[in-house]
Amino acid sequence: MIRYARNFYLNIRLMSTVTVSVPATTANLGPGFDCIGAALTLYNQFQFTLLEGKNTLTLTVSGTEADRVSNDSTNLLYQAFLKFYQHLNQTPPSVAIHIILGVPLARGLGSSATAIVAGLVGANQFAGSPLSIPEMGELAITIEGHPDNVIPALLGNCQLSVNVEEKWQICQIPWYPEVIPVLAIPDFELSTAKARSVLPQQVSRSDAIYNMAHLGLLIRGLETGRSDWLKTAMEDRLHQPFRASLIQGYEAVKTAAIAAGAYGAVISGAGPTLLALTSPVRQEAVAEAMQDAWRRESVGVEVRSLSIDSQGATVTVN
């Protein structure tokens, strides 16, 4: 649920700045390709201020990699903002937007999903909230093309998304609090388009059954924290075997994480970030092992032990 720091139905004339905070996400979690994702305690912030006049946009960016983000109307955040008003057949207001980056770009942590969600949530705030949260979720999926990042970015927690006759059924997956996500974020990028280009167009029945069984076990393992289930559940045959060749040091980092006490290690989203799940007592050892393994591959890396974000997109009106 989106939570607001003040009354949602403030008169638009009283608004000065609306700040939308959106969490990073990790998607797929091994066998849950394109259908499961979880929100993480790592955030991008987006500040919206209404401007006088027509067709005016001012867009600035700060934070790591700020110089790589477009500051004109092609920006994905602003495109989502426009898409909202197009959806309502309304003219968008003039706006100044400031982006504060905290989520690394093109690393498999849902940076594009944060922009899409923030653009829709900010626009909905200015428009007087004509769209419900489920409606914003549907629109976000339409823009992104798949639900696994945008839905947990919007709602928080771990979410499973199922398409039902061109609508989406969203189910929150309980996450045992002592299952700790450890992220090893390398200093190279991998585009989603490139990661998808190596995937086969068809899979065998045995591989489909393998993934269905492992996804079921993953859901139960996340809910209960059972290490034996999680150690089995994080393998898959639909995307990781094909994407692994695009990620330098993949096998070495995965092996090191498991040897240090991780239940398993998987590609976060499209990669190249690797996600390990482990216990609180092993998280430091796992983080250190993943970092050392990638450095031995001559790859710079940042390692973070995070938690599951429970709020999703939040709005503050100043």
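I began with the second largest pocket, where α2 gives the largest share of the lining, four residues. A reminder to myself: this is a predicted model.

I then looked up which other elements join in. Besides α2, at least two lining residues each come from β3 (36-50), α1 (76-87) and β5 (95-101). The space in this second largest pocket is about 270 Å³. I listed 17 lining residues, and Val 69, Leu 105, Ser 111, Ser 112 and Ala 115 lie nearest the centre. By class, I noted nine nonpolar, six polar and two charged residues in this lining.

Next came the largest pocket, with a volume of about 340 Å³. Its lining has 25 residues, and closest to the centre are Ser 112, Glu 144, Asn 149, Thr 192 and Ala 270. I found α2 (111-126), α3 (133-144) and α5 (192-197) each supplying at least two residues of that lining. I sorted the lining of the largest pocket into eight nonpolar, eleven polar and six charged residues.

I logged the crossing of the two helices as right-handed. On the α2 side, the contact is made by Ser 112, Ile 116, Leu 120, Val 121 and Asn 124. On the α3 side, I wrote down Met 136, Leu 139, Ala 140, Ile 143 and Glu 144. This contact of α2 with α3 has seven nonpolar, two polar and one charged residues.

Key:
Residues numbered from 1 in each chain as written. Predicted model: local features only at pLDDT ≥ 70, side-chain atom pairs only at ≥ 80, totals over all residues. Heavy atoms only, no water. 1 Å grid on protein atoms, 1.4 Å probe; cavity = no way out; pocket = protein on both sides within 12 Å on 5 of 7 lines; lining within 4 Å. Points joined across faces, edges and corners; volume = space filled by probe spheres on them. Nonpolar A, V, L, I, M, F, W, Y, C, P; charged D, E, K, R; others polar. Left-handed = near helix turned anticlockwise from the far one by under 90°. Contact = heavy atoms within 4.5 Å.
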